[in-house]
Amino acid sequence: MKDMMPKFDLFQPADIETALKLLDKYGAKAWKMAGGQDSLDWFKDRAKRPDAVIDLSGIEALKGIRETAAGLEIGAMTTLAEIAANPIVKEKFGLLATAAGRVASPQIRTVGTIGGNVSQDARCWYYRSGLDCYRAGGNTCYAGTPQGMNREHCLFGASRCVAVTPSDTAPVMVALEAEFVIRSSKGERVLPADKYFIGPAVNITHMTVLEPGDILMTIRIPSKWAGAKFYYEKVADRNTWDFPLVNVASAMKVKADGVIEDIRIVCGAVECVPRRLNAVEDIVKGSPQNEDTATLAASSAARGAAPLNFNHFKIPLMENLVKRAIRDS
Amino acid sequence: MTTTDDMAIGRDPVTRRRFIKSVIASGAATSAAAYYLAGCSDGSAPASGSVERLITLKVNGQDRRVDILPNETLAMTLRYKLGLTGTKLGCDRGECGACTVLINDVGHNSCSTLTHSVRGRAVTTVEGLEGPNGELHVVQQAMIDELGPQCGFCTPGQVMSAVGLLKANPKPTREEARHAMAGNLCRCGAYDHYLNAVMRAAKSA
């Protein structure tokens, strides 16, 4: 039979204030649990051993999708299934609906939340199996060595750690210029998506700016890109459940004469943070949306990549996904 | 602790299979409980404000009082405390879907659900699909007719995912059904048979 998770105290607060108090009380010994679909795996593997688990699923204020004058507000605890099926999201930000629908499996999307998905911890099977690597507070990296099994790891931004973001929705948030509303007992702050995610050079043990006392409340999506031309594609070893090997999210505005007016294009699973492809954006802006532009753009998609021993394949994969995004969206 | 409701109701003469099942269930429950307590509770009192241990669960239409640890998953509770071993534990990591049960009629991985989070919600396991006279559910019959199960380990999960789909969408297209069943791994590779069964069940319901 399967064994149990190690012991922890479970708290199920019904409001934000209680949750914030608990987080302040337990500090780094507390674990914020959203849908719990990844959390419980960490506990079962003994890779994370919190004293207290704060289950946020009973806090109604963190749930729901609301239209505002500025765009859309999505509560951090809104499930991925709800986002994928929401008519407003589908109509205005089809990119997000598609990405949310590509996460894991139906059972996981039913419970898994947008806040949990964007804040998901790194993909590195050494780290996830509980080894004492840099990210876990130790003093070595197992994946970045000549013998390391690093097929899933990064092409960019390695800094002692070579793990990648596994999120399917995080690149979408950067593409759509989303804002993240964070609360702690000290107050509220709002950060743009590209400041929310942080790489190992900034903090090797964190994927996001969230500190122990912080709760991600809401994700705001401005109406700027509503109804734009979108492209999302995820490539994974298994077509269901699996993390992406590479994913791409793009939002593009094309004029009536077929010229690309504006674009944001972001790749996931190639760096610890969603990677915005500025070079690609600069190349295609002002050019017609066609095969030639897409080919040219693709050739610069992976510029500067520093592949590890077993992940060279990610370079052509990334280039081809970018090519499709420009040509087919 | 464990249940022998099936025998207590006494609606059928006790079959050999049923008898053996109940003996296994009670044995597993006893040894599992000892195992939990040895490995996962140091006997210290829970912190104030933490969840209660004795809770009522709504399983297959019955209210069941159970002693639940904070770190206990629904799959553990169902299998080792309520004796509902129809729910299988495959990977215990939300990867395979063998432990799928319905919570308020929607499929969930019971291995990735804390039992404390289902208080007040209706849990349906594969045992709960049984008709009043022991008949198979239309989905189960369709899976037999379409030769769905080979080794059968993933079957309860496949059944529950299919039942959940048909409750939400009684007439799915084949593509919709394929997506809805995507969270259930079948290592025998009988996916098309299961899919045929879902479509057959949708037609006959």
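1. Chain B contains 7 helices and 5 strands, where helices (H or I, at least four residues) and strands (E, at least two) are DSSP runs numbered from the N terminus. Along the sequence, these elements of chain B are arranged as α-α-β-β-α-β-β-β-α-α-α-α.

2. On the basis of the description: this is a predicted model, in which local features need pLDDT of at least 70 and side-chain atom pairs count only at pLDDT 80 or more, while totals for chains, interfaces and linings use all residues. Residues are numbered from 1 along each chain as its sequence is written, and chains are lettered from A and ligands numbered from 1 in the order in which they are written.

3. Of the 205 residues in chain B, 43% are buried; a residue is buried if 20 or more other C-beta atoms lie within 10 Å of its own, exposed if 12 or fewer, and partly exposed in between, with C-beta atoms placed from the backbone. Among the contacts in chain B with a separation of 6 or more, 60% join residues 24 or more positions apart. Two residues are in contact if their C-beta atoms, placed from the backbone, lie within 7 Å.

4. Chain B is assigned domain 1 (5-43 + 55-129) and domain 2 (138-204), the bounds coming from an automatic or database domain assignment. Between these domains of chain B, 17 residues of domain 1 are in contact with 14 residues of domain 2. On the domain 1 side, β3 (100-103) and β4 of chain B each supply at least two residues, and β3(B) gives the most, with 3 residues. That side comprises 8 nonpolar, 6 polar and 3 charged residues. Here Ala, Val, Leu, Ile, Met, Phe, Trp, Tyr, Cys and Pro count as nonpolar, Asp, Glu, Lys and Arg as charged, and the others, Gly among them, as polar.

5. How do α4 and α7 of chain B pack? The axes of helix α4 (residues 138-145) and helix α7 (residues 191-204) of chain B come within 8 Å and cross at roughly 130°. Axes are lines fitted to C-alpha atoms, for helices over the stretch in contact, and angles run from 0 to 180 degrees between N-to-C directions. α4(B) is therefore oblique to α7(B); angles under 35 degrees count as roughly parallel, over 145 as roughly antiparallel, 65 to 115 as roughly perpendicular and the rest as oblique. From α4(B), the contact involves Val138(B), Val139(B), Ala142(B), Met143(B) and Asp145(B), and from α7(B), Tyr194(B), Ala197(B), Arg200(B), Ala201(B) and Ser204(B). By class, these are 7 nonpolar, 1 polar and 2 charged residues.

6. Leu147(B) lies in the loop between α4 and α5 (155-168) of chain B. Although not a glycine, Leu147(B) has a positive phi of about 55°. Leu147(B) is exposed, because 12 other C-beta atoms lie within 10 Å.

7. In chain A, Glu177(A) is placed in the loop between α9 (170-175) and β6 (179-184). Phi of Glu177(A) is positive, near 60°, in a residue other than glycine. Glu177(A) counts as partly exposed because 17 C-beta neighbours are inside 10 Å.

8. Chain A is divided into domain 1 (9-58) and domain 2 (228-328). The centres of these two domains of chain A, taken over C-alpha atoms, are separated by 36 Å.

9. The contact between the chains takes 34 residues from chain B and 28 residues from chain A. On the chain B side, α2 (16-40) and β4 (106-109) each give two or more residues. The residues of that side divide into 13 nonpolar, 16 polar and 5 charged.
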